[in-house]
Amino acid sequence: MVKSNVAFHASNRLLRALVLRQVRRGWAVVAGASRPLADDAEDLTADLKALAKQLKLHGRQPATLCLGRQQAILRGVLLPSTDPAELAQMARFEADRHIPFNAERHCVGYHIMSSKGVEGSEVLLAAVDGPIVDRGLAGLQNAGFVPDGITITSPALINSLCYQQKDDFKQQTQAIISLGLDAIDLVFLHEGRMLYARSVAMDLRGALTSWISGQAEGGGAVDLSRLAMAAHMIDCLKLDENPDQVEILRWIERLGQELQRTYDFARREMKCPP
């Protein structure tokens with residue numbers, strides 16, 4: 001029997017779904033869909049059922065919940081043990097030190113990045129406020145799905161890229177930017193290992209709306225390909241200087257600033273190689 005799984009990602013405004021199917025060489029995406037969410041949507045059940053119907057999902061389908069990076073606290077730490085039982089206790093204790101409020105109601109998970117023997121284990125910690133997790137899990141269960149796991153957008157992005165193009169991430173430091181209409185994820189990794197990830201609220205939706213509206217009113221064609229990234233910095237100099245493009249120029253300029261700020265922090269605090 002062919003194994004399949006479905007993954008859901010709920011942002012502030014959109015619910016997305018991807019259907020994955022196991023193939024000979026791993027997993028393949030076979031279908032996807034999305035639908036807008038109300039700003040005050042506390043119950044995801046109806047929206048999840050609608051996506052399930054659209055994707056023709058039946059029965060108690062295993063499902064993975066993907067939460068936004070801005071909803072989680074991520075920290076890479078070195079814990080002085082390699083014993084699984086001890087690591088579970090240490091992970092909770094260490095995570096509590098980084099949670100600014102309501103630590104007792106946060107859900108904590110961890111992943112062992114590498115074992116260093118007598119030195120201990122390099123561990124990636126993740127903590128999410130309990131109500132956020134409960135909202136997603138309750139929606140999945142009420143919609144007839146079987147929760148199979150929870151992940152965060154930044155690690156999910158890295159896992160996907162490393163799975164597909166692992167040879168491209170060997171022996172070098174790279175920055176990966178995941179662009180969203182409301183927020184972006186900035187991730188630095190070295191040799192395929194995530195060193196630092198950060199989410200920044202940036203209103204690309206508003207900037208694009210302003211730019212596209214200006215082009216449409218002037219009779220010009222909307223050409224999103226002009227948003228090009230150079231090898232090291234954002235190349236937006238070919239945009240014409242007119243009021244309609246001020247917002248998109250400011251957005252791209254800020255993106256470059258946030259990328260530099262994140263890189264400087266990763267170099268200083270996370271020992272990120274150049």
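**Exercise 1.** Determine which element gives the largest share of the lining of the second largest pocket, and characterise this pocket.

*Solution.* 
Step 1. Strand 6 supplies the largest share of this lining, with 6 residues. The model under study is a predicted one.
Step 2. Strand 6 spans 106–115; strand 7 (121–129), strand 8 (146–152), helix 4 and strand 11 also supply at least two lining residues each.
Step 3. The lining comprises 23 residues, of which His111, Leu124, Thr151, Pro155 and Asn159 are the closest to the centre of the pocket.
Step 4. By class, 17 of the lining residues are nonpolar, 5 polar and 1 charged.
Step 5. The space in the second largest pocket is about 550 Å³.

**Exercise 2.** State the volume of the largest pocket, and identify the residues closest to its centre.

*Solution.* 
Step 1. The volume of the largest pocket is about 1,400 Å³.
Step 2. Its lining consists of 43 residues; His9, Cys66, Thr153, Ala156 and Leu157 are the closest to the centre.

**Exercise 3.** Which element gives the most to the lining of the largest pocket, and how is that lining divided by class?

*Solution.* 
Step 1. Elements that give two or more residues to the lining include strand 1 (4–10), strand 2 (14–23), strand 3 (26–36), helix 4 (153–164) and strand 9 (173–179).
Step 2. Helix 4 gives the most, with 9 residues.
Step 3. The lining divides into 21 nonpolar, 16 polar and 6 charged residues.

Note on methods: Residues numbered from 1 in each chain as written. Predicted model: local features only at pLDDT ≥ 70, side-chain atom pairs only at ≥ 80, totals over all residues. Heavy atoms only, no water. 1 Å grid on protein atoms, 1.4 Å probe; cavity = no way out; pocket = protein on both sides within 12 Å on 5 of 7 lines; lining within 4 Å. Points joined across faces, edges and corners; volume = space filled by probe spheres on them. Helix = DSSP H or I, 4+ residues; strand = E, 2+ residues; numbered from the N terminus. Nonpolar A, V, L, I, M, F, W, Y, C, P; charged D, E, K, R; others polar.
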